[in-house]
Amino acid sequence: MEMAEMQSRATAVVRDGALGYDQKLRRLATLATEAIEYPAISSACREALDKRVICDMYEGTAPYTPRYVLPDYERAIAQGSAHLELDPPGDLDDALSFLQIMYAHVPSVTTYPVYLGDLDKVLAPFVDDASDEQLDRSLRRFWIALDRMLPDAFVHTDLGPADSRITRSILRVERSLRQVVPNITLKVDPSITPDDLLLDAVNTVFETAKPHFVNHPMMVGDHGERYAAVSCYNSLKIGGGAHTLVRLNLKETVLRHTGGIDTFLAETLPTYVELTAQLAEARIRSLVEQQRFFETHWLVREGLVSMDRFSAMFGVFGLAEAVNLLVAYQGGSGRYGHDADADALSYRITERLADLVEDRPMPYCEGGAGRCYLHSQSGIDLDTDVTAGTRIPVGDEPPMLEHITTCAPHHRLFPSGISDIFHVDETAVRNPRAVVDIIRGAFAGGMRDFTFNLDSNEFIRITGYLVRKCDLVDIDTRGARHSSDYLAAGSEASFHLSQRAPKRIGCHERDQRTDY
Amino acid sequence: MNATSGLITDTIAFSNVDGPGNRFVVFLQGCNFDCTVCHNPHTINVCDDCGDCVAACPSGSLGFSLMGGVEWNRTSCQGTDACVAACHWDATPKALRRPVWDLVHEIRRAAPFLSGITVSGGEATQQPDFVRALFGAVKGDPALAHLTCFVDSNGAADRSIWSSLLPVMDAAMIDLKCLDPEIHRSMTGQPNDQVLESILYLAAVDRLYEVRLLIVPGVNDDPVLLARTARWLADMDPTLRIKLIGFRKRGVRPTSRLLVEPTPEQMRAYEDIFATRGLFALCVI
């Protein structure tokens, strides 16, 4: 970057009336790394990056922390920390302040920890003596601190699959506080997670649009027992994480393709997968070999993360447009989500992607057996005219049964997460069991991730993280407390995500059915 | 033949308002009531093939068959419901006679996501042989055996119909338009003795899931009448599930749009009347 450009961008940041002090500091830090030369990549890779066919998520030119870090908090609590000069906590209060301290020292591209631990398990040793009232009081204070001290919607905790007093207390606290932070995932195992807990969780979604639900047995099959969903829908190994997230815009690959579907799958797609992989490899080598994160960080030193539990995420997005364009090239008019042939093509594409990523070795990615994790990337605020991940375009979603059965076959191919967001009608509030039925059906049918939003909710899920609608009002002039709100304001302006087609799973007024 | 096919208005794969959990709903065409407050008046009668709708269809998806009946082309239909708007007979050309196996096939796709199925209408008990055959097929299919089978009904069915359904029906949900026979007649065109008998019978055989009361201000919301209704229901089952539904204009015929929707305060007053007269599981909509 030229010095003049750097000066003008830095000036804009420091003089921005809506950004808070911390937010300015973080943006300036990112800007500073842009003075460093980009990791060496081929000219073809450079061109694809400049044209945004492939994307580095604007992580900066010299990665000095893995993008997603999932410390083993259970181990930290058990052994204490020499670096933090903390003994193992002896009671619940100690444990909560131990965690609060530790969160301040966990690195992340957002600067806020994307993983807070599976808190039901992390806190389990400390709650036997506490009554439910004491537990609620302590967790409530803790929850308020998280939202105010880590004001970023990518901060995430996991619960389940077994029921516990802590899980129930967290859900109660969630419903009473209605905060953006933390984001929550409930791990669901059909044979372990009781209906009653699922009902409690569904009722919590009605209030706060959280938790997100994941298919525990499927995740365990891919990652082993020690995994967590973090940030927005990224499932990774605990004690590990993801070095980086690069992503491929499938729509742009099709726009650069001439010929039929077979040559797309045989030639064009592999070419761009390789360029995306080159970008990932360059960034991983920069992090590991140049900045030497794993040789220097205290989390590694204390055994709370280890490089052999890391991999990188290979994201894809724009599947819907890619499919529709390829169908149109053949003279067809079918649309993804509405036409069996278009859907079949979408499965051919994702299966091919999975094979290509599986065939591309990646250094320092032992967590993924030396390969990237394929990921259905749910978008960033700058995306326009392209649909997140493998989703059906916003507003064009078919009725929920067709929506689920269209998306489900993709899910097994995306071990590090895939999200399809379903909007349900307000009538579900009186019949939460109906949503539990759908979640159970979705997981039985091979879905990995399941998120739903209530149509009338004050929270909106943007790509996977949450914002309160009221926090987006006047954000340009007044600013926002949560750093993720700024991303959301951009996404809302580009996407109108809040206009997602509500999935009516109820209707007595038959003549209104065109609402689908 | 009649036992294994039904006249079907439509189906919904997922519904959260037709009984417990997520349910597949089959709407049956034809009703023995003619309610002023009907939200789906096009389900009341069976198409008489007059053809008024044929010209009204913007996509040309309606025509006459060789036998002279009105025929609907599902593929080209754009779903504007101009046909329903043009119908002077409270019917629809889109109701189709469909065999049980065809519906079972459709239910199988949705089955992993369901607590059960519900037949509604129209009035489901007007096609009792079909309902019995459908429920029997669901109960006999290993992939569907976990589904409960519910009937959503106006209650105007003979006891023999209910008893014939008992082996395959898990429960029924009954609309009680009004406890007072005269008001009931003015609202539905029919007396209510059979409705009351159905409620008592279903409760006695433990197959009554809930009673729904649609309340229209100035028509059936007299506090004395509602208190009497609450007592009558409490005498039968003090823990009954009762759904109090405030009248909504959406979907009703133009002639009924003069009726008034209850205010939230009125709904609270109705709820109080019931809450103080039983241990009912009350749901207010």
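Me: How are α3(A) and α12(A) set against each other: roughly parallel, roughly antiparallel, oblique or roughly perpendicular?
Reply: Two packed helices are described by the angle between their axes and the distance between the axes. In this predicted model, helix α3 (residues 43-50) and helix α12 (residues 261-290) of chain A pack at about 95°, with axes 9 Å apart. They're therefore roughly perpendicular to each other. The cut-offs go like this: under 35 degrees is roughly parallel, over 145 roughly antiparallel, 65 to 115 roughly perpendicular, and the rest oblique. The axes are lines fitted to C-alpha atoms, for helices over the stretch in contact, with angles from 0 to 180 degrees between N-to-C directions. Helices (H or I, at least four residues) and strands (E, at least two) are DSSP runs, numbered from the N terminus.

Me: What do the numbers and letters on the residues mean?
Reply: Residues count from 1 along each chain as its sequence is written, while chains are lettered from A and ligands numbered from 1 in the order in which they are written. The model is predicted, and local features need pLDDT of at least 70, side-chain atom pairs count only at pLDDT 80 or more, and totals for chains, interfaces and linings use all residues.

Me: Back to the helix pair: which residues in α3(A) meet which in α12(A)?
Reply: From α3(A) you have A44(A), C45(A), A48(A) and L49(A), and they meet Y272(A), L275(A), Q278(A) and L279(A) of α12(A). Contact here is about C-beta atoms, placed from the backbone, lying within 7 Å. Sorted by class, this contact has 7 nonpolar residues, 1 polar and no charged ones. Nonpolar covers Ala, Val, Leu, Ile, Met, Phe, Trp, Tyr, Cys and Pro, charged covers Asp, Glu, Lys and Arg, and polar takes the others, Gly among them.

Me: Now one residue: is V254(A) buried or exposed?
Reply: V254(A) sits in helix α11 (residues 250-255) of chain A, and it counts as buried because it has 23 C-beta neighbours inside 10 Å. Buried takes 20 or more other C-beta atoms within 10 Å, exposed 12 or fewer, and partly exposed is in between, with C-beta atoms placed from the backbone. Leaving out residues up to four places away in sequence, V254(A) touches F264(A), A322(A), L325(A) and L326(A). Also, V254(A) and L319(A) are 65 residues apart in sequence but 9.8 Å apart in space, C-alpha to C-alpha.

Me: What is the strand order in the open sheet of chain A?
Reply: Strands of a sheet pair through backbone hydrogen bonds, either parallel or antiparallel. This open sheet has 5 strands in the order β3-β4-β5-β12-β11, with mixed pairing; a pair needs at least two DSSP bridges. At the edges stand β3 (156-159) and β11 (421-424), each with a single partner, so one side of each has no neighbour in the sheet. From one strand to the next, the twist averages 30°. Take β5 (residues 212-215) and β12 (residues 449-454) of chain A: they run antiparallel and are joined by 2 bridges. V214(A) stands opposite D449(A) in β12(A). Helix α18(A) lies across β4, β5, β11 and β12 of chain A, at about 155° to β12(A).

Me: How many residues of chain A are in contact with chain B?
Reply: 23 residues of chain A are in contact with 25 residues of chain B. On the chain A side, α17 (400-411) and α18 (432-444) each supply at least two residues, and α18(A) gives the most, with 6 residues. That side divides into 9 nonpolar, 8 polar and 6 charged residues.

Me: Which peptide bond involving P182(A) is cis?
Reply: Most residues other than glycine have a negative phi, and most peptide bonds are trans. The cis bond here joins V181(A) and P182(A), with omega about -5°. P182(A) is in the loop between α8 (165-177) and β4 (183-188) of chain A. In chain B, the bond from G121(B) to G122(B) is also cis, with omega near 15°, and G122(B) is in the loop between β6 (116-121) and α4 (128-140).

Me: What is the phi of Y233(A)?
Reply: Phi of Y233(A) is near 65°, a positive value in a residue other than glycine. Y233(A) lies in the loop between β6 (227-230) and β7 (234-237) of chain A, and it is buried, with 30 other C-beta atoms within 10 Å.

Technical notes. Contact = placed C-beta atoms within 7 Å.
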